[in-house]
Amino acid sequence: MEASRDPGRDPRSLLSCVNGFHPKALVFVSEKRCAFAAGKLIVEMDVESKKQRFVQGHSATVTCITHSEQQALGASGQVLRSGAKWAEVLLWDSESLEICACFSFHQANVEAVGFVQDGEVLVSIGSDRDRTMALWPAAREGCFRIGRKEGVPLAVCSAYKGGAISGIAAAPGSSDLPMLFAS
């Protein structure tokens with residue numbers, strides 16, 4: 001406890017294990033690794049050894065998480081922090097757990113995130129009245145990296161309809177086919 005009060009020491013460096021998680025925010029990163037949300041953290045855990053590593057960077061509680069095996073990327077959305085203009089979506093490397101990008105667009109909690117087009121595009125849906133959806137460039141290489149403008153969605157749409165979003169599912173196919181998914 002005394003070490004965390006040391007002004008020269010980052011209290012996050014003391015984190016070694018997290019117990020408990022958000023039940024709707026759990027994905028498998030590989031056969032032996034899963035990732036889940038716990039407060040403002042993403043916890044990556046080896047299911048055999050139980051060793052944990054962490055993605056830190058969210059400024060509010062994480063609400064949803066997804067993973068692209070093809071791009072080796074993860075993404076997570078959060079609630080709209082009090083006083084903030086936008087709720088953030090973080091894109092992170094699923095091997096190093098380093099944050100690759102932070103997308104700010106939704107003016108309400110981020111309700112769902114998912115990858116489509118072989119992980120080249122990240123879809124995020126807000127919990128605002130119109131269930132606003134944004135498409136983000138996520139590819140490490142490929143057509144969606146060409147000519148993209150940093151911090152700006154590829155496309156945005158909304159469709160007012162009551163009800164809740166429970167997730168995003170990409171249709172089978174490759175990035176050569178039209179973009180198909182369901183929310």
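When I say contact today, I mean heavy atoms within 4.5 Å of each other. With that in hand: among contacts in this protein between residues at least 6 apart in sequence, 40% join residues at least 24 apart.

Two notes on the ground rules. This is a predicted model, where local features need pLDDT of at least 70 and side-chain atom pairs count only at pLDDT 80 or more, while totals for chains, interfaces and linings use all residues. Residues are numbered from 1 along each chain as its sequence is written, and side-chain values use heavy atoms, with hydrogens and water left out.

So how confident is the predictor? pLDDT is its confidence in each residue, from 0 to 100. The mean for the protein is 79, and 70% of the residues reach 70 or more. Over residues 1–6, though, pLDDT is below 50, and beyond near neighbours in sequence this stretch has three contacts in the model. Where pLDDT is low, the predicted coordinates should not be read in detail.

Now the overall build. The protein has one helix and 14 strands; these are DSSP runs, helices being H or I with at least four residues and strands E with at least two, numbered from the N terminus.

Is strand 5 buried or exposed? Buried means under 20% relative accessible area, exposed over 50%, and partly exposed in between, using a 1.4 Å probe and protein chains only. Seven of the seven residues of strand 5 (residues 62–68) are buried, so this strand is largely enclosed by the rest of the structure. Strand 5 runs antiparallel to strand 6, and six bridges join them; two strands pair if DSSP finds at least two bridges between them. Ile65 stands opposite Ser76 in strand 6. The two strands form a hairpin with four residues between them, and Ala72 in the turn has a positive phi of about 55°.

At 14% relative accessibility, Arg33 counts as buried. What does its side chain reach by polar contact? A polar contact is a pair of N or O atoms within 3.5 Å; within protein, one must be able to donate a hydrogen and the other to accept it, and residues adjacent in sequence count only if both atoms are side-chain atoms. The Arg33 side chain makes one with the side chain of Glu44 (2.2 Å) and another with that of Glu95 (3.4 Å).

Note on methods. pLDDT is the predictor's confidence in each residue, from 0 to 100.
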